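The entries follow in the order in which I looked things up.

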Amino acid sequence: MSDTKSALWIAHVKVTDAEAYGKYAAAAGPAIAKHGGVFLARGGRYVQLEGNDRPRNVVARFPSLEAAVECYNSAEYQAALAHAKGASERDLMVVEEA
């Protein structure tokens with residue numbers, strides 16, 4: 001039995017340039033899937049209860065914390081991310097599931 005725990009990639013985003021951010025989203029999806037990421041939430045309805053409100057929220061599950069970090073650092077994801085820089089305000093974290 002493996003001790004590897006799945007991990008959640010959680011992004012809170014305020015889009016400032018919808019056209020450029022759309023290019024990011026189109027390229028990021030395949031990069032995330034290539035690394036085993038599956039979207040659980042992607043821009044759906046939400047209620048902000050505390051903290052900074054960012055109207056786009058994304059949650060993806062990865063097979064492990066390492067897989068999520070590997071995805072972030074991959075050439076494919078970094079190429080996608082270039083479209084988001086300057087087109088959004090983002091917070092992104094990865095947390096291992098319990």
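I first read the protein chain along its sequence and noted the pattern β-α-β-β-α-α-β. That comes to three helices and four strands, where helices (H or I, at least four residues) and strands (E, at least two) are DSSP runs numbered from the N terminus. The model is a predicted one, in which local features need pLDDT of at least 70 and side-chain atom pairs count only at pLDDT 80 or more, while totals for chains, interfaces and linings use all residues. Residues are numbered from 1 along each chain as its sequence is written, and side-chain values use heavy atoms, with hydrogens and water left out.

Overall dimensions. Along the principal axes, the C-alpha atoms fill a box of roughly 45 × 35 × 15 Å.

Of the contacts with a separation of 6 or more, 76% are between residues 24 or more positions apart; contact means heavy atoms within 4.5 Å.

The sheet. I traced four strands in an open sheet, in the order β2-β3-β1-β4, with antiparallel pairing (two strands pair if DSSP finds at least two bridges between them). β2 (38–42) and β4 (88–96) are the edge strands, each pairing on one side only. Neighbouring strands are turned by 15 degrees against each other on average, direction ignored. I then examined β2 and β3 (residues 56–62), which run antiparallel and are joined by four bridges. Phenylalanine 39 has alanine 60 of β3 as its bridge partner.

The helices. I recorded that α3 (residues 75–84) lies across β1 (7–15) and β4, at about 145 degrees to β4. Axes are lines fitted to C-alpha atoms, for helices over the stretch in contact, and angles run from 0 to 180 degrees between N-to-C directions. The axes of α2 (residues 65–73) and α3 come within 5 Å and cross at roughly 55 degrees. α2 and α3 are therefore oblique to each other (angles under 35 degrees count as roughly parallel, over 145 as roughly antiparallel, 65 to 115 as roughly perpendicular and the rest as oblique). Cys71, Tyr72 and Asn73 of α2 make this contact with Ala75, Tyr77, Gln78 and Leu81 of α3.
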